[in-house]
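Welcome! Here is a short tour of a protein model, written for someone meeting structures for the first time. Take a look at the picture, then read on.

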Amino acid sequence: MAFLEVSCLKKIYTTRLGGSQVRALSNVSFSAEQGEYAAIMGESGSGKTTLLNILAALDKPTGGRVILDGMDLGQIKDREITTFRRENLGFVFQDFNLLDTFNLKDNILLPLVLGRKGIQEMTDSLLPIAQKLGIRDILEKYPYEVSGGQKQRAAVARALITTPKLILADEPTGALDSRSANDLLDLLEEINRDGQTILMVTHSARAASRAGRVLFIKDGEVYHQIYRGNSTNEQMYQKISDTLTLLATGGEIR
Amino acid sequence: MKYGFYTKLAFTNIRKNRRIYVPYVFTCILTVMMYYLVRSLSVNPGLKEMYGGYSIASTLRLGTFVIGVFALIFLFYTNSFLMKRRQKEFGVFNILGMEKKHLARMILTETVLVTVISLGLGLGSGILFDKVMFLLICKLVGAEISLGFFVSGGVILSTVKLFCGIYLIIYLRAVYTVQVNDPIELLRGSSTGEREPKTKGLLALAGAVCLGTGYGIAVTVKNPVASMGLFFVAVILVIIGTYLVFTAGSIVILKLLRRNRKFYYQPRHFISVSGMIYRMKQNAAGLANICILCTMVLVMLSSTTSLILGREDMIHGRYPNDFIIHSDRSVADQNERLFRRLEEICKEEGISTENKVEYSYLLFMAEQQGSWFETDEQKLHIERDFSKFCSLFFIPLSDYNAYSGEKQVLEGDETLLFSNYEPYEKPVLGVFDREYQISGYLEEFFGNGASDTNVITSYYLVVTDEEFGRLVEISSGNGEESCAEQVYYGFDTPVSSKRQEALEDRIMSEMSGGEYGDDFETHLETRVENRNDFMGIYGGLFFLGLFLGVLFIMAAVLIIYYKQISEGYEDRERFEIMQKVGMTQTEVKQTIRSQVLMVFFLPIVMAGIHIAFAFTIIKLLLAVIGMVNVKLYLLCTIAAFLVFAVLYVIIYSLTARTYYKIVRR
């Protein structure tokens with residue numbers, strides 16, 4: 001069995017009044033191996049965010065299953081879901097979601113504090129990560145005192161500190177300038193090389209071109225997949241662009 | 001655009017923002033009502049016909065002023081909060097093509113709407129309650145007059161004028177904020193990042209010192225006269241201290257907590273402490289204000305309540321008998337004639353008398369210098385240290401024994417001593433040319449009621465009749481002013497106050513009849529007359545205390561409510577992030593509870609501490625006006641605090657619920 005197994009995922013929203021139904025995901029199946037770096041692409045309304053919410057256990061699917069490392073997300077009790085999320089998943093958001101009232105260090109430590117870990121353990125895990133992400137010198141600073149790139153690196157550190165099974169990144173480069181975006185993508189690649197499984201949702205072909213595999217979602221289904229194989233980043237970028245063009249013009253994949 | 005458009009828009013806006021507008025409009029209505037009520041009571045013609053009506057009217061006029069100022073500050077504050085919340089909305093309107101002048105017109109229409117609603121409903125309910133309140137105050141004072149429904153056009157007009165003025169100021173401010181901000185800034189509203197407050201260790205220390213000194217003064221003060229001046233010093237120190245402790249001290253404490261890693265890195269403390277640091281930056285002054293308001297209200301309520309409830313004690317302390325005559329002792333014959341005549345009058349009226357007291361006394365003002373008492377007026381330095389001042393009463397032994405039924409024996413310069421405040425602990429007491437040996441202390445004394453006996457320390461000395469005679473000679477050679485040679489004559493009667501009043505009138509006419517010669521100086525005091533005056537003064541104070549109390553509670557609570565709601569919107573984002581990062585719903589709830597609890601109860605807990613420390617000094621101040629029943633005052637304080645706390649808890653639970661709803665979304 002694969003590390004992450006998504007099978008026949010279906011999500012139907014019923015509007016509160018009138019009862020008309022909106023099909024966000026109709027049938028999504030894919031799997032990912034441990035240590036993979038996969039990107040999910042798709043237009044607005046294609047169901048990307050719904051998929052990510054379900055993977056993050058923030059939302060429940062109408063049908064189908066998500067199995068992460070042998071655990072069925074649908075079987076986890078409501079009470080334990082937060083703990084599950086905290087211990088197994090790491091999140092990186094487009095708008096960083098750092099708390100203004102904490103300095104970077106405390107922002108990074110937040111999941112550990114919520115998990116009631118000891119101080120020694122916190123310090124032990126914080127320093128190597130901060131070192132790796134190059135934010136060791138700014139740990140005492142507050143989010144409003146540092147740049148966007150630094151904020152996002154702190155957010156990545158926060159996602160990594162619990163050594164999660166899976167990192168879910170939602171448009172991580174969306175709020176960054178191209179330089180910081182490149183730096184961040186380098187960083188994600190490096191983390192992935194260390195064995196971290198990453199799932200990234202993005203609009204940006206540039207960001208997706210760094211992943212090992214790109215999944216395209218259209219109208220609630222996995223429409224196409226591209227594997228990197230031996231391609232360079234540039235070749236990968238080209239492939240993604242072609243696919244996006246096809247998607248937009250509605251052509252068939254040959 | 002048509003006029004109707006703005007009216008419609010204003011209605012829609014208020015309805016859309018009802019969560020913040022309903023409490024605001026409610027506050028406006030209440031404030032208008034309160035103002036109208038106090039103002040109309042103060043000019044009610046019926047008040048002047050009542051006993052002590054004049055003093056009530058003047059206290060109420062003062063109250064009117066206080067409420068007016070308060071209304072301005074409070075409504076201005078609540079509105080500025082409201083507008084801050086709506087900035088984003090204005091930004092959207094602005095971007096959608098409404099010009100600043102259109103926005104101004106929209107705000108104007110809204111303001112007019114609020115003005116009309118609050119004035120209409122406020123005045124309506126004010127007029128309605130007016131009658132109720134007036135009956136209440138009459139009952140309180142015990143006057144038996146009921147007045148017709150009283151509506152004063154002048155008062156309505158001045159209320160309308162005042163509040164229109166207040167709303168105009170509010171409107172101008174709102175327009176100003178819209179005018180100076182560009183659309184993007186409006187859109188962003190209050191979401192710009194706040195900097196962490198600086199640590200001001202020195203100020204925090206100063207605050208602690210102020211508070212400590214204020215408390216120290218309040219606790220250690222012993223003399224009621226000295227306490228008057230010191231009270232204000234203590235109050236000012238405590239006010240300054242409260243501000244500093246809330247603003248600087250709280251930050252210092254929170255940062256110290258944050259530095260304690262064991263404490264800080266626990267889920268609940270982690271979020272509360274860091275959140276509170278920011279919260280205190282914005283709220284410290286407001287919380288300090290609330291704390292001081294609470295303290296004032298509680299002091300006012302507890303002291304006036306204990307005055308009202310303890311009024312009989314006070315009257316009995318000040319007037320040892322129902323009827324009291326102080327007369328010059330030198331005209332012994334006339335005195336004797338008058339007292340016998342009084343007995344006849346009572347018999348004629350069929351009024352029984354009891355507890356008859358008659359004794360002579362000499363009263364000297366003196367300045368205590370160790371065991372020596374200086375009575376020479378030239379050497380008295382009353383302005384220098386009033387607390388050293390005391391009154392010395394000399395009473396002949398025969399009069400004392402006759403009254404008390406005891407058979408005390410004194411010889412030569414021996415004396416029996418009674419002190420109303422500070423115990424006299426030295427074995428001798430020197431005055432004039434003599435040192436009196438204190439042979440015993442009296443447990444109690446029938447009292448004199450001379451007007452200042454309750455303010456400064458009074459020593460009552462029982463001396464032999466020969467010694468008393470010698471003192472009379474000394475005093476007459478000493479000039480008249482610093483001493484008085486008097487006879488006290490008093491009796492009680494069980495009859496109704498109506499009959500007592502009639503008796504008083506009869507005695508007055510008897511005394512002023514000229515039968516006893518022109519130089520005959522007597523002074524009649526009755527409890528029944530003073531009871532009415534007393535209620536006139538303190539009934540009004542009590543009423544005002546209650547009134548302002550309700551107003552301040554309302555204010556304090558609404559300020560906190562607004563604060564919480566406004567922070568709820570800011571905190572929503574934070575809690576969302578925390579939930580995404582792995583905080584459970586229960587943890588969110590707990591954290592919210594502990595944060596709201598802290599903000600809510602910090603002021604009232606602090607107020608409780610203030611009151612506890614102020615207890616001693618207020619007890620002494622009350623003693624100055626004759627209220628010496630400490631137990632009653634203690635009970636009143638506790639009761640006032642509990643009532644306050646219960647109200648507070650109710651509002652707290654409402655606020656916490658609304659806050660949680662906002663945060664959870």
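Two residues are in contact if their C-beta atoms, placed from the backbone, lie within 7 Å. With that in mind, A:Ile129, A:Ala130 and A:Leu133 of helix α4(A) meet A:Arg153, A:Val156, A:Ala157 and A:Leu160 of helix α5(A). Please remember that this is a predicted model.

**Chain A as a whole**

- Chain A contains eight helices and 10 strands.
- Its radius of gyration is 19 Å, close to the 18 Å given by the globule rule for 254 residues, so chain A is as compact as a globular protein of that length.
- Along the principal axes, the C-alpha atoms of chain A fill a box of roughly 55 × 45 × 40 Å.
- Of the 254 residues in chain A, 43% are buried.
- Among contacts in chain A with a separation of 6 or more, 71% join residues 24 or more positions apart.

- The buried residues of α1(A) are A:Lys48, A:Thr50, A:Leu51, A:Leu52, A:Ile54 and A:Leu55.
- After α1(A) comes A:Ala57, which has a positive phi, near 60 degrees.
- Helix α3 of chain A, residues 104-114, has 11 of its 11 residues buried, so α3(A) too is largely enclosed by the rest of the structure.
- Just after α3(A), A:Arg116 has a positive phi of about 55 degrees.

**How α4 and α5 of chain A pack**

- Two packed helices are described by the angle between their axes and the distance between the axes.
- For helix α4 (residues 119-133) and helix α5 (residues 148-160) of chain A, the axes come within 10 Å and cross at roughly 145 degrees.
- The crossing of α4(A) with α5(A) is right-handed.
- Sorted by class, the contact of α4(A) with α5(A) has six nonpolar residues, no polar ones and one charged residue.
- Which residues does A:Ala157 touch, leaving out those up to four places away in sequence? A:Ala157 touches A:Ile108, A:Ile129, A:Ala130, A:Leu133 and A:Ile135.

**Loop residues with a positive phi**

- A:Asn97 is not a glycine, yet its phi is positive, near 55 degrees.
- A:Asn97 sits in the loop between β6 (89-92) and α3 of chain A.
- Is A:Asn97 buried or exposed? With 21 other C-beta atoms within 10 Å, A:Asn97 is buried, because a residue needs 20 or more to count as buried.
- A:Asp219, also not a glycine, has a positive phi of about 50 degrees.
- The loop that holds A:Asp219 runs between β9 (213-218) and β10 (221-227) of chain A.
- A:Asp219 has 14 C-beta neighbours inside 10 Å, so it counts as partly exposed.

**Where chains A and B touch**

- In this contact, 20 residues of chain B meet 21 residues of chain A.
- On the chain B side, the elements giving two or more residues are α10 (261-264), α11 (267-309) and α17 (527-581).
- The largest share of that side, six residues, comes from α11(B).
- By class, the side of chain B that touches chain A has eight nonpolar, six polar and six charged residues.

**Nonpolar cores**

- The largest nonpolar core has 148 residues, and those with the most contacts inside it are A:Ala39, A:Ile40, A:Ala157, A:Leu168, A:Leu199, A:Val214 and B:Cys294.
- Helix α11(B) gives the most to this core, with 21 residues.
- Another core, of 39 residues, lies apart from it and includes B:Tyr319, B:Ile324, B:Phe389 and B:Val487.

- B:Ala639 belongs to helix α19 of chain B, which spans residues 630-664.
- B:Ala639 counts as partly exposed, with 14 C-beta neighbours inside 10 Å.
- Although B:Ala639 and B:Ser302 are 337 residues apart in sequence, their C-alpha atoms are 7.9 Å apart in space.

How values were computed: Residues are numbered from 1 along each chain as its sequence is written. Chains are lettered from A and ligands numbered from 1 in the order in which they are written. This is a predicted model: local features need pLDDT of at least 70, side-chain atom pairs count only at pLDDT 80 or more; totals for chains, interfaces and linings use all residues. Helices (H or I, at least four residues) and strands (E, at least two) are DSSP runs, numbered from the N terminus. The radius of gyration is taken over C-alpha atoms; the globule rule is 2.2 Å times the number of residues to the power 0.38. A residue is buried if 20 or more other C-beta atoms lie within 10 Å of its own, exposed if 12 or fewer, and partly exposed in between; C-beta atoms are placed from the backbone. Ala, Val, Leu, Ile, Met, Phe, Trp, Tyr, Cys and Pro count as nonpolar, Asp, Glu, Lys and Arg as charged, and the others, Gly among them, as polar. A nonpolar core is a set of buried Ala, Val, Leu, Ile, Met, Phe, Trp, Tyr and Cys residues joined through C-beta atoms within 7 Å. Axes are lines fitted to C-alpha atoms, for helices over the stretch in contact, and angles run from 0 to 180 degrees between N-to-C directions. A crossing is left-handed if the near helix is turned anticlockwise from the far one by less than a right angle, and right-handed if clockwise.
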